[in-house]
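Good morning, and thank you for coming.

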Amino acid sequence: MRDLLAALAQVRERLQEISTADARRLQELRTELLGRKAGTLTDILKALPTLDAARRKQVGGEANALKRELENALDARAAELSRAPVTAGEDLTMPSRAAWRGGLHVVTQVVDEICAIFHELGFTRAVGPEVETERYNFFALNFPKDHPALDAQDSFYLGPDVLLRTHTSPVQVRTLERYRPPVRVVIPGRVFRRDPFDPSHSPVFEQIEGLAVDEGITFVDLKATLTAFARRFFAADTKVRFRPSYFPFTEPSAEMDVACRICGGAGCPTCKQTGWMEILGAGMVHPAVLSNVDIDSERYTGYAWGMGPARIAMTRHGIPDIRLLYESDVRFLEQFTDADGAR
Amino acid sequence: MIVSRRWLEALLGRALEAEETARLLTMRCAAVDAVIGIHQDLGGVLVARVTEVRRHPNADRLSLCVVDAGSARGSALEVVCGAPNVAAGRLYPFAPVGASLPGIGTLERRKIRGVESNGMLCSAKDLGLGDDHAGILELDTTAAPGTRLLDAVPLEDHQIVIDVGANRPDLLCHKGVARELAAALAGGTGGTGTAVRLPEIPGGSDNGTAARSSRPTTRQSDGVVDGVQVRLEDPEGAPRYMIAVIRGVRVGKSPRWLADRLASIGQRSINNIVDATNYILFEINQPLHAFDLAKLRGPAVVVRRARPGEKIVTLDGVERSLTADMTAICDAERPTIIAGVMGSAESEVSDRTTDLVLECAYFQPTRIRRTRRAVGLDSPSSYRFERGIDMLGMPDALRRAVDLICAVAGGTMREPPIDLWPEPVQARSVFLRPERVTQLLGIPVERSEIERHLSSVGFVAAPKDGRMAVHVPGWRPDVTAEVDLVEEVARLKGYDAFPDELRPYRPGTVPDARLERVKDYLRRALAAAGMLEARTMPLGGPDGPEAIAITNPLSAEDTHLPSRLLPGLTKRVEHNWSRRTRDIRLFEIATVFTRETGNGKRETSFVAEEIHVAGVVTGARSPLHWTAKVPDIDLWDLKYHFELAVTAAAPSCNVQPATAGAGVGWEAVQSGTGEVRGRAGPLRADAPVWAAPLFGFEIVVESAARPVPVYRPLPQTPSVERDIALVLPPGVTAASVEAVLRRVSREAVVEGDGRGRAEGGEGGAGGAGGVGGAGGGAPVEILERLVVFDEYRGPGLAPGERSVAWHCSFRDPTRTLREAEVDRVLTAALKALEGELGVRRRES
């Protein structure tokens with residue numbers, strides 16, 4: 001009896017050998033251990049009937065468990081060997097088997113990234129219609145009637161008083177009509193200007209508008225939020241400057257520049273030798289805009305901004321002509337399927 | 001707006017550094033787009049004296065000059081010169097060897113007709129100073145030979161190109177820019193080191209003495225000045241109207257200084273009268289119009305609304321029709337000027353003009369804007385009237401204009417100008433609360449600092465009941481409210497003076513737009529399926545009867561908005577084909593526009609907007625690989641893309657084969673309403689022969705949320721697998737077969753009293769009672785998975801018949817199914833299939 005248990009222990013030690021055996025040795029081991037005629041374990045099992053019932057049960061249980069273990073180990077090793085490279089002769093420089101890779105448009109990627117940064121700064125996404133009335137597109141935004149400020153907003157009309165929005169700013173008005181402060185939204189969308197196509201202009205392009213209205217919001221918050229955005233979107237050490245500008249719906253109005261990404265501020269053709277790149281227009285929401293939507297402009301203040309993600313995408317990726325963005329040439333689109341992960 | 005650095009220097013009485021000037025203006029006032037150096041390329045040119053002129057030994061028309069170019073360069077250089085006017089003892093611009101000249105390049109020492117020349121004496125043209133090439137440029141200077149030309153003669157300059165906002169007409173002249181610059185240079189210190197003073201007019205005398213004895217402003221609307229009757233009949237169009245009469249002018253060339261001033265900002269010199277009015281325009285922003293008194297019938301000047309149908313031949317020779325919305329300046333009989341926009345060819349000042357009528361007016365801005373747009377004429381004057389000029393500054397402006405004209409063209413003004421101003425207005429007063437400044441700007445600004453900033457650009461602030469009453473100068477029509485003054489304080493203080501530290505904020509009340517999330521999910525799903533997102537131009541020809549037309553399209557091609565996305569995407573495929581690209585998989589998510597049929601609430605209700613998603617696929621199913629031939633995308637790939645898009649974009653819809661008549665393809669049918677919300681199928685396109693078939697889909701995107709997935713316990717029991725091959729008679733679909741298979745297997749379990757045994761069920765008998773009937777539990781779906789793995793047509797089957805093979809997995813999650821039970825279910829199912837659809841098992 002003691003001999004049998006010792007014999008089992010010896011067989012168990014052979015398990016290790018199995019895991020490193022090659023195909024031929026594996027076959028030998030199978031015969032040696034489990035062979036029907038003279039397998040070591042087979043012999044042990046054959047000896048079982050000579051034992052009394054209690055011992056038979058003990059040794060038999062152990063022997064059968066070991067048999068299963070051995071079988072599993074032999075099978076596993078056999079499978080492992082069959083999976084190994086078929087031959088050493090394969091030319092591994094041959095190309096892989098690929099699937100098509102899709103991707104988001106480079107402008108979508110920039111829009112998403114910008115919105116994500118503002119999301120972290122507490123801004124949710126809002127949207128609005130592309131067909132607008134003059135009231136929403138201009139007059140609720142404090143554009144005076146028959147004013148030269150309208151010249152920069154040459155519009156496509158669909159009917160008297162109905163036009164394609166020239167900016168995403170009407171969504172400011174729609175949002176403030178629907179929700180009471182505190183309001184913090186970013187508004188991405190398509191806008192339309194009656195400008196013919198050229199390398200830097202497109203009659204249709206994307207814009208991202210932003211709006212924050214609450215008690216106690218100041219010009220300092222505007223600067224802080226937009227600076228934080230620029231440092232996140234470009235680089236933590238990005239130089240930013242704010243300078244005066246004019247928009248009918250903000251006052252004070254500002255434009256934000258960042259140090260040119262190409263020349264680092266020294267002056268180059270991309271930044272027209274100024275060392276700066278204009279990124280966005282902004283300002284404190286004009287009290288008239290708040291009054292137009294029945295918000296008390298003495299109690300509430302706010303800021304708003306707008307930027308062009310297409311222009312930003314062009315700068316970031318060195319795209320020389322805006323028309324490339326809308327031509328849908330597969331060779332162009334495929335260049336940016338990985339741009340998302342590049343950051 | 002282009003300003004000249006030198007002109008600004010004249011107004012400020014100090015030197016300016018161009019780049020720093022540009023920076024200050026950009027940071028405090030308005031963006032400078034460019035700084036352009038003028039004649040900066042003449043740095044190598046020197047003042048030199050010709051000390052001796054000899055005949056060139058080998059050429060009659062050339063002379064050999066001895067030139068003194070200063071001690072550093074040489075005081076006896078031999079220079080060959082071809083100019084007839086060269087004379088000994090005079091000073092000329094001299095380019096020594098090594099200097100470079102515009103359009104010529106760097107000068108080298110070379111022999112001219114056998115004599116070496118050590119440089120070049122220059123004409124005006126050589127220096128880029130004009131077209132005069134007749135002779136070399138004689139210099140009128142006291143500078144010593146050897147002095148840099150640029151240091152001796154005021155030639156070099158910078159043009160500073162300012163992007164002036166529509167709200168700042170005051171920046172459309174040098175005086176206004178100089179005012180801002182003075183404030184910026186003082187930097188809010190209140191220092192008065194730099195003040196703006198109009199420069200003396202060279203040659204100005206007391207020719208126009210009458211101008212100084214200004215006659216008092218009248219509230220009248222007519223009068224006579226020096227024999228000219230002036231009548232203001234349209235005070236709405238011209239609230240203030242002044243006329244001066246100058247007699248005895250000589251129209252001719254402008255003096256050099258005046259022509260140079262205008263040239264420095266890119267304005268061509270025309271004659272002394274036109275140049276003088278232009279100078280005033282660019283100096284102090286007052287448009288003026290001078291016309292010939294002799295051609296004025298009456299003589300009278302009548303300002304009135306034009307009559308419909310009245311015509312005028314404008315300066316550019318075009319006959320233009322006037323409307324009653326325009327203001328016309330007329331003589332006793334007919335209109336001679338479209339007010340503020342353009343004069344007539346007839347009334348123009350000519351060489352023979354001796355007596356001038358000089359108009360100095362304020363025209364109502366919106367009137368000018370509408371007129372200018374209606375007649376399609378742009379001019380520097382209309383540009384300024386549209387933005388609003390300084391109504392209060394008009395007498396000073398006219399006085400200076402008269403002085404200037406008399407100085408450059410002679411003539412005298414015998415009577416003070418007439419000033420028609422029926423309803424005089426005073427300087428506007430705006431209240432400012434210092435605490436409001438702080439509330440908006442976020443940092444405290446002292447009252448004294450506010451005052452300092454405002455007064456630096458011409459505002460006058462006085463305390464009034466704890467507030468400040470601020471008088472707005474006439475040149476700032478944009479400042480009408482308190483917040484306008486807050487902006488003045490902020491920009492004059494400098495935006496860079498404000499901190500930019502983030503402060504806590506309250507979260508907003510606006511939820512994320514669900515539509516944006518749906519679009520995002522949809523984009524990512526389609527991109528993951530190998531499709532590229534496109535953004536196409538939503539302008540083109542009409543793509544259907546519902547297409548919305550643009551009233552004022554840019555071109556004859558782009559006249560409509562899209563009512564569907566597929567036509568645009570198909571064009572993009574054709575574009576790619578034209579670039580020899582064969583494998584194309586594009587999608588787009590965008591708004592489309594159709595005619596609204598119902599009664600929308602929006603004011604734009606005749607246009608309905610919908611968000612659509614569309615995709616086009618053609619070419620190889622995957623990138624080529626050497627191990628096997630890659631097939632082209634076919635209908636079944638399309639069906640996958642369509643199903644994927646429908647799941648993401650329109651979860652309320654099911655994909656069904658297109659109804660008869662719609663062609664081969666599928667539809668997304670909304671459950672409940674039965675409305676078709678999307679379609680997929682082959683597309684027609686202008687395809688090259690090597691192109692693969694093109695397929696496409698388009699779906700209306702729903703903003704509704706997709707259902708939240710609920711966890712289903714992972715099975716703990718084994719499954720039973722069966723393959724069955726069935727012969728389907730013509731017209732029987734796989735979907736109908738699957739429906740029967742599922743129904744029968746469900747009924748089998750229910751009839752077996754919920755859980756116990758799966759008895760062979762009679763096809764259909766008592767099936768309806770099963771749902772919710774037996775024992776409270778929902779029917780157990782034991783047919784877990786049903787997958788088609790083969791289809792066969794051909795020998796062994798009747799024509800029209802096909803054999804379809806399914807792999808079925810059966811499982812009861814609550815217990816182990818027995819093989820026999822599954823066999824009984826299949827037997828029952830086969831019986832039902834045969835009875836209901838004529839489907840039989842295929843004998844192998």
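Predicted model: local features only at pLDDT ≥ 70, side-chain atom pairs only at ≥ 80, totals over all residues.

Residues are numbered from 1 along each chain as its sequence is written, chains are lettered from A and ligands numbered from 1 in the order in which they are written, and side-chain values use heavy atoms, with hydrogens and water left out.

The size of an interface is often given as the accessible area lost when the parts come together. Here the area buried between chain A and chain B is about 8600 Å², and carbon and sulfur atoms give 57% of it; buried area is the accessible area (1.4 Å probe) that two parts lose on being put together, summed over both. Of the area that chain A buries against chain B, 9% is supplied by Trp100(A), Asp146(A) and Pro244(A), more than by any other three residues.

How many salt bridges are there between chain A and chain B? The count is seven, a salt bridge being a side-chain nitrogen of Lys or Arg within 4 Å of a carboxyl oxygen of Asp or Glu. In one salt bridge, the side chains of Arg125(A) and Glu516(B) meet at 2.7 Å, N to O. Helices (H or I, at least four residues) and strands (E, at least two) are DSSP runs, numbered from the N terminus.

I turn now to the strands of chain B. Strands β20 (residues 327–330) and β21 (residues 335–338) of chain B run antiparallel and are joined by three bridges; two strands pair if DSSP finds at least two bridges between them. A hairpin of four residues connects β20(B) to β21(B), and Ala328(B) has Ile338(B) as its bridge partner. Ile338(B) also stands opposite Met342(B) in β22(B). Between β21(B) and β22(B) lies a hairpin with three residues, where Gly340(B) in the turn has a positive phi of about 75°.

Finally, chain A has an open sheet of three strands, in the order β2-β4-β3, with antiparallel pairing. β2 (131–133) and β3 (157–159) of chain A stand at the edges with a single partner strand each, so one side of each is left without a neighbour in the sheet. Val131(A) stands opposite Leu164(A) in β4(A).
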